[in-house]
Each structure stands twice: as structure tokens, then as C-alpha cells.
Amino acid sequence: MVRWLLRFFHYLDRFYIAERSVPGLNEVGFNCFRDLVYREVNANVRVAILGLINKEREGEQIDKALLKNVIDVFVEIGKGQMEAYEEDFEAHMLIDTRKYYSRKASSWILENPYTDYISKADECLRRERDRASHYLLSSSEKKLVEKVQHELVVVYATQLLEKEHSDSGYSGFPRDINVEDLFI
């Protein structure tokens with residue numbers, strides 16, 4: 001919309017506004033979008049984004065390009081600064097990720113032998129890395145992976161070690177998977 005207005009009012013924006021020392025149409029348009037639209041809908045948009053991410057975690061197909069474009073709005077609102085992205089989206093995404101994997105891990109640890117649990121944890125870490133590379137900022141990848149590792153491995157480290165020793169006699173699973181491998 002702002003681009004269209006800039007073309008339509010090009011003469012005014014170039015000469016009149018410059019002579020009067022008032023903000024340009026581009027800056028006014030951005031500020032109006034931030035104040036009237038972004039601040040009103042960012043919480044709802046964030047909830048929708050997190051819902052889509054959780055749907056993808058559950059195996060559903062989502063429009064990753066659309067998700068990337070919407071997440072980029074959080075970045076653009078900060079005008080090159082990462083505060084809006086980190087505060088309005090990333091912090092909430094990390095909390096949601098912690099809750100999601102906390103629920104998953106609590107059921108997996110009860111239902112699965114050691115090797116199955118470690119395989120699932122490894123697969124989740126791989127998928128989260130892929131997810132981060134597709135539509136999150138690169139700065140989020142490390143934080144996201146650390147959050148998933150903490151919820152799936154660190155929280156249950158004692159139980160995993162007990163399971164590893166109790167499952168060691170079970171010959172139906174490969175013994176080449178180790179908890180330490182997940183931290184590489």
C-alpha cells in the first residue's frame with residue numbers, strides 16, 4: 001500500500017515533504033502499520049504461527065513460505081534491530097517449544113525403551129534444525145536446539161541412564177546410539 005502511495009504521491013514526497021522537513025510517506029506508512037496494525041494483531045499472529053509450527057511437529061504439511069514471510073514481518077518491524085523478533089516472537093516460540101517437548105518427553109520416557117527414546121529425540125533435533133533453516137532466523141537455531149535437547153535429554157538424563165543399563169540385555173535394538181551423541 002505504501003509503495004502504491006509513494007508512486008501516486010511521488011512529486012509531493014520528493015519535493016513538498018523535503019522542503020517542509022516532515023517525515024516521508026514511507027516512514028509515515030511504516031509507523032502507521034506498526035502502530036495501527038502490528039501492535040493490534042501481533043499476539044494473534046504469534047499464536048497462529050506457533051499453532052502451525054506445532055501442526056508441522058505432528059506431521060501435518062504447512063505452507064513454509066507463508067510462515068517465513070509472516071515471521072519476516074517481526075524482523076522488519078525492528079528496522080534492522082532484532083528486538084521485535086526476539087521479544088514478540090522468538091521468546092514465545094521457545095517457551096512453546098519447551099512445553100511441547102516436555103509433554104512429548106514425559107510420555108515417551110514411560111512408553112519407550114532407551115534406544116527408541118534416543119532415536120525419537122535425535123529425530124526431533126534433526127527436524128528442529130530443518131525447521132529453523134526453513135523459516136526461522138539463523139540466530140534462533142542454536143536456542144531452539146538447546147531448548148529441545150534440554151527437554152528431551154537433560155531433564156530425563158538420570159532416567160535415560162537407568163533405561164540404558166536396564167535395556168542393555170535387550171538384543172532387539174542397536175547399541176550404537178548414545179545420549180552424548182545428541183549434544184554434537
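Trainee: Which residues does Asn42 touch, not counting residues up to four places away in sequence?

Mentor: Let's start with the word itself: contact means heavy atoms within 4.5 Å. By that rule, Asn42 touches Phe74 and Asp88, leaving out residues up to four places away in sequence. Keep in mind that this is a predicted model, where local features need pLDDT of at least 70 and side-chain atom pairs count only at pLDDT 80 or more, while totals for chains, interfaces and linings use all residues. Residues are numbered from 1 along each chain as its sequence is written, and side-chain values use heavy atoms, with hydrogens and water left out.

Trainee: Where is Asn42 found?

Mentor: Helices (H or I, at least four residues) and strands (E, at least two) are DSSP runs, numbered from the N terminus. Asn42 is found in helix 3.

Trainee: Does one say buried or exposed for Asn42?

Mentor: Buried means under 20% relative accessible area, exposed over 50%, and partly exposed in between, using a 1.4 Å probe and protein chains only. Asn42 has 13% relative accessibility, so it counts as buried.

Trainee: Where does Asn112 lie?

Mentor: Asn112 sits in the loop between helix 5 (83-111) and helix 6. With 10% relative accessibility, Asn112 counts as buried. Setting aside neighbours within four places in sequence, Asn112 is in contact with Tyr117, Lys120 and Lys163.

Trainee: How many aromatic pairs does the structure hold?

Mentor: Rings of Phe, Tyr and Trp (its six-membered ring) pair if their centres lie within 6.5 Å; planes under 30 degrees apart count as stacked, over 60 as edge-to-face and the rest as tilted. The structure holds five aromatic pairs. One of them joins Tyr100 and Tyr101, edge-to-face, at 4.9 Å centre to centre with 90° between the planes. Tyr100 is buried at 6% relative accessibility, and Tyr101 is buried too, at 3%. Trp108 and Tyr117 have ring centres 6.5 Å apart and planes at 80°, so this pair is edge-to-face. Trp108 counts as buried at 12% relative accessibility, and Tyr117 counts as buried at 0%.

Trainee: Which residues form one aromatic cluster?

Mentor: Tyr38, Phe74, Tyr85 and Phe89 do.

Trainee: What lies over the face of Tyr100?

Mentor: A charge sits over a ring if NZ of Lys or CZ of Arg is within 6 Å of the ring centre and within 35 degrees of the ring normal. Here Arg57 lies over the face of Tyr100, 5.3 Å from the ring centre.

Trainee: How much space lies in the largest pocket?

Mentor: On a 1 Å grid over the protein atoms alone, a pocket is an open set of points where a 1.4 Å probe fits, with protein on both sides within 12 Å along at least five of seven lines; lining residues have an atom within 4 Å of a point. The largest pocket holds about 430 Å³ of space. It has 13 lining residues, and the closest to its centre are Met1, Val2, Gly29, Phe30 and Phe33. Helix 3 gives the most to this lining, with six residues.

Trainee: What lines the second largest pocket?

Mentor: Its lining includes Glu56, Lys64, Arg126 and Asp130. Helix 6 (residues 114-135) supplies the largest share, four residues. About 200 Å³ of space lies in this pocket.

How values were computed. Grid points are joined across faces, edges and corners, and a volume is the space filled by probe spheres set on the points.
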